[in-house]
Amino acid sequence: MSEFQILLTVIWPSVIPYAFTGARLGLGGAFASIVAAEMLSSKEGIGYLIFTARMYFHTDWIITGVIVLGILGYLSDKLLRLIGNNLLARYGVREKKAF
């Protein structure tokens, strides 16, 4: 086999599951960073909404913001998992279920 064939048939299929795991973990950190940046130096966004609501004791706005963040995080993770599963199925790799 040539080096290119080894790359396509051995290395690439073994790397993809770990790359998608890293992307999913990075997605969580990205959401946390964006919300923190919005809280500190923005005039719009969900983080700004939560921070402003905290200052004015609008608990309902805070809960709404947190729920929206949770839904966005869940949907983005599901989308990334769907893309990953479709790509990994091409290489015969299946996602392991935690429970």
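This is a predicted model: local features need pLDDT of at least 70, side-chain atom pairs count only at pLDDT 80 or more; totals for chains, interfaces and linings use all residues.
Residues are numbered from 1 along each chain as its sequence is written, and side-chain values use heavy atoms, with hydrogens and water left out.

Let me begin with H1, residues 3-41, and H2, residues 46-55, whose axes come within 7 Å and cross at roughly 50°; helices here are DSSP runs of H or I with at least four residues, numbered from the N terminus, and axes are lines fitted to C-alpha atoms over the stretch in contact, with angles from 0 to 180 degrees between N-to-C directions.

Where the two helices meet, Val 35, Glu 38 and Met 39 of H1 are in contact with Ile 46, Gly 47, Tyr 48, Ile 50 and Phe 51 of H2, contact meaning heavy atoms within 4.5 Å.

Turning to H3, residues 59-89, we have a helix of 31 residues that reaches 44 Å from its first C-alpha to its last, close to the 45 Å expected at 1.5 Å a residue, where the expected span is 1.5 Å times one less than the number of residues.

Finally, Pro 17 has its place in helix H1, and, leaving aside residues up to four places away in sequence, Pro 17 touches Leu 88 and Val 93. Pro 17 and Met 55 are 38 residues apart in sequence, and from C-alpha to C-alpha they are 43 Å apart in space.
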